[in-house]
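Here are my notes for your first look at this entry. Keep the 3D view open and follow the points in order.

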Amino acid sequence: MPVVRGKNIDVLFSPEQIAARNMELAAQIAVQPKNDLLVIAILKGSFIFAADLLRALHQVGLAPEVEFITLSSYGQGTKSQGVKIIKDIDSEVKGRDVLLIDDILESGRTLRYARELMFERGANDVSIAVLLDKSCRREGTLNADHVGFECPDYFVVGYGMDVAYAFRELPFVGIVTGDVADT
Ligand code: IMP
Ligand code: MG
């Protein structure tokens, strides 16, 4: 079990599993013809997945424009739960096919917001690719078109995802299981 900065971390998805799955996802995405494809990575958590998936998309012959949007949830655990834009994209969306990329689909609030925003801006089509689907936490019916892995109900870190700003740099997806000193 890897130890990172004094924490034991269980590997849930290895770099090799993720790389293989990314190629499968790219092949799946390439099946449907796209009209002026715009890929939008939702920051911050998706930055590594998006970088790898884009290179896999290149291998299957897609050459999308790439954009980034930073979204943040507010009021989590309280009555008012919403999503706000911290940093928006610059590109025109009207008439285009959009592929949203995120790290985890959990309640679905973030991706529902992003999807509706792109349709409001006139997108022709909006599809969703996520590395992980925590479907047991879903609120409502939103689903991703392309899912890397079904995710068990743990808080996961690595491969772009953080807990308290840490562990984004790990090359695998893992679960923090405790302090080394406790074991
Ligand atoms: P949703 O809006 O509830 O679907 O939440 C999705 C967002 O919450 C993701 O984009 C992640 O940034 C974050 N998130 C959810 N679960 C985890 C986790 O286990 N580890 C790290 N971030 C998470
Ligand atoms: Mg996120």
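1. A definition first. Two strands count as paired if DSSP finds at least two bridges between them. With that in hand, take the open sheet of four strands, which runs in the order β1-β2-β10-β9. Its pairing is antiparallel. Bear in mind throughout that this is a predicted model.

2. Which strands stand at the edges of this sheet? They are β1 (3–4) and β9 (156–157). Each has a single partner strand, so one side of each is left without a neighbour in the sheet.

3. Now look at β2 and β10. Strand β2 covers residues 7–13, and strand β10 covers residues 173–179. Six bridges join them, and they run antiparallel. Strands of a sheet pair through backbone hydrogen bonds, either parallel or antiparallel.

4. For the parallel case, turn to β3. This strand (residues 38–43) is joined by six bridges to strand β4 (residues 65–74), and the two run parallel. Leu 43 is the residue opposite Thr 70 in β4. β3 also pairs with β6, again in the parallel sense, over four bridges. There, Ala 41 stands opposite Ile 101 of β6.

5. Is β3 enclosed or open to the outside? Buried here means under 20% relative accessible area. Five of the six residues of β3 are buried, so the strand is largely enclosed by the rest of the structure.

6. Next, the ligand. How many residues lie around ligand 1? There are 15, and those that come nearest are Asp 103, Glu 106, Ser 107, Thr 110 and Val 156. The shell is made up of six nonpolar, three polar and six charged residues.

7. Where does the shell come from? β6 (97–105) and α3 (109–120) each supply at least two of its residues. β6 gives the most, with four residues. Recall that β6 is also a parallel partner of β3.

8. A nitrogen atom of ligand 1 is 2.6 Å from an N or O atom in the side chain of Glu 106. A nitrogen atom of ligand 1 is also 2.7 Å from a polar backbone atom of Val 156. An oxygen atom of ligand 1 lies 2.8 Å from a polar backbone atom of Gly 108. How much of the ligand is covered? Taken alone, ligand 1 exposes 490 Å², and the protein buries 84% of that.

Technical notes. Residues are numbered from 1 along each chain as its sequence is written. Chains are lettered from A and ligands numbered from 1 in the order in which they are written. This is a predicted model: local features need pLDDT of at least 70, side-chain atom pairs count only at pLDDT 80 or more; totals for chains, interfaces and linings use all residues. Side-chain values use heavy atoms; hydrogens and water are left out. A residue is near a molecule or strand if one of its heavy atoms lies within 4 Å of it. A polar contact is a pair of N or O atoms within 3.5 Å; within protein, one must be able to donate a hydrogen and the other to accept it, and residues adjacent in sequence count only if both atoms are side-chain atoms. Accessible areas come from the Shrake-Rupley method with a 1.4 Å probe; for residues, only the protein chains shown count as cover. Ala, Val, Leu, Ile, Met, Phe, Trp, Tyr, Cys and Pro count as nonpolar, Asp, Glu, Lys and Arg as charged, and the others, Gly among them, as polar. Buried means under 20% relative accessible area, exposed over 50%, partly exposed in between (1.4 Å probe, protein chains only).
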